[in-house]
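Hello,

Here is the structure I said I would pass on. My notes follow below it.

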Amino acid sequence: MTTIDTASTVTTVSANPAPARTATATTVLLCAPEHYDVTYAINPWMDPSVPTDTALALEQWRALRDTYRSIGFVVHEIEPGPGLPDMVYAANGATVIDDVAYSASFRYPERQPEADAYAAWLSNHGLRVVPSTHINEGEGDFLVVGDVVLAGTGFRASVESHHEGSRVLNREFVTLTLVRPEYYHLDTAIAVLDARPGQERIAYLPSAFDTASLAVLRERYPDAIIVSEQDAAVLGLNVVSDGLHVVMPVQAGDFAEQLRASGFEPVQVNLSELLKAGGGVKCCTMALRFSQPTILSPTAVPIATTPE
Ligand code: ARG
């Protein structure tokens, strides 16, 4: 018989203890959907004949932004570009690791001007921007997990961009091939729940991958959460996590339960309007990974001063 109950320690033993989780400081870049619309179709979610409600998209997006602030994220915003209805999906603008931004080079011409807009913002805020010579859509296909980048291909990013990205960002890139058109970006098929080296945790949808990629995922992440087809189909995997809070769609109810059972805190938002273009929480969010907490250039960010 074991009894642990001293003045300083009380240990509670339960059948399935959920691990204690902690939040990592997180800084993100967002783009308001002021010009949001579905005017072309570059993924199976998009149907230009279905009307969109830009005011509702803005309202839902503001709720996402305010949710981030409420859990302590530092939120930056880039000016939305007229005529760029998909610019709200900031994840696609570049991949930032340790103050270096590997720029995007979009597969479809409709989105190509977004790459320069994001590159300009990042460079104006003190990051070293490295232009890409191969097609990639930023964090849509590049997911930072521990010391590696899980890199999707099959629909958007080219394998050549994995090699280039690896050199530019100084990380091992692990190529994974997507096979289902509705899961055209890796961030629609894998959720990064804990990116800290040594504590990596992901969730994914097995049917989105080819056999070889699935074998890689099973081997690297034996404790991954496997989500249902239903939850993936509302872009339930398209989440942003700080290691504790998982900002996710309200529509993915079973996944929220799975997360709770693993000690995460789901924070649910409704981006139903932005789903019409095939985007969710993560799509709307670029992670700014700095080597130090406040690397943003003070010349680019005006500091309010009080006159004497
Ligand atoms: N309509 C956009 C496209 O097809 C959606 C992008 C979603 N972004 C993402 N990170 N999955 O390019």
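The first point concerns aspartate 141. Outside the four places on either side of it in sequence, aspartate 141 is in contact with Leu150, Ala151, Gly152, Arg156, Ala157, Leu178, Tyr184, His185 and Leu186. Please keep in mind that this is a predicted model. Aspartate 141 sits in the loop between strand 5 (128-130) and strand 6. The residue is buried but has no salt bridge. Arginine 156 is the nearest side chain of opposite charge, and it is 6.8 Å away, whereas the cut-off for a salt bridge is 4 Å. A polar atom of the aspartate 141 side chain does lie 2.9 Å from the backbone nitrogen of leucine 186.

Leu150, one of the contacts of aspartate 141, also belongs to the largest nonpolar core, which has 36 residues. Within that core, Leu150, Ile190, Leu193, Phe209 and Phe255 touch the most other members. Elements that each supply at least two residues of this core include strand 6 (142-145), strand 7 (148-153), helix 4 (211-220) and helix 6 (253-261). Strand 9 gives the most, with 4 residues. There is also a second, separate core of 28 residues, and Val28, Tyr36, Tyr68 and Ala277 are among them.

Phe255 leads on to helix 6, where Phe255, Ala256 and Leu259 are buried. Viewed down the helix axis, the buried residues of helix 6 fall within an arc of 105°, so they line one face of the helix. Asp254 and Ala261, on the other side of helix 6, are exposed. The buried residues pack against strand 9, strand 10, strand 11 (225-226), helix 5 (229-232), strand 13 and strand 14 (265-269). For phenylalanine 255 itself, contacts beyond four places in sequence include Ala191, Leu193, Ala203, Ile225, Asp231 and Met248. Glycine 263 follows helix 6 and has a positive phi, near 90°.

Helix 2 (residues 112-124) can be described in similar terms. Its buried residues are Glu114, Ala115, Tyr118, Ala119, Trp121 and Leu122. These residues cover an arc of only 165° around the axis, which puts them on the same side of helix 2. Asp116 and Asn124 are exposed on the other side. The cover over the buried residues of helix 2 includes strand 1 (27-31), strand 2 (74-78), strand 3 (94-97), strand 4 (100-103), strand 5 and strand 15 (286-287). Helix 2 is followed by glycine 126, whose phi is also positive, near 90°.

Regards

Methods: Residues numbered from 1 in each chain as written. Predicted model: local features only at pLDDT ≥ 70, side-chain atom pairs only at ≥ 80, totals over all residues. Heavy atoms only, no water. Core = buried A, V, L, I, M, F, W, Y, C linked by side-chain atoms within 4.5 Å. Buried < 20%, exposed > 50% of the residue type's maximum accessible area, 1.4 Å probe, protein only. Contact = heavy atoms within 4.5 Å. Lys, Arg positive; Asp, Glu negative; His and termini not counted. Polar contact = N/O pair within 3.5 Å; in protein donor to acceptor, adjacent residues only side chain to side chain. Arc of directions from axis to C-beta.
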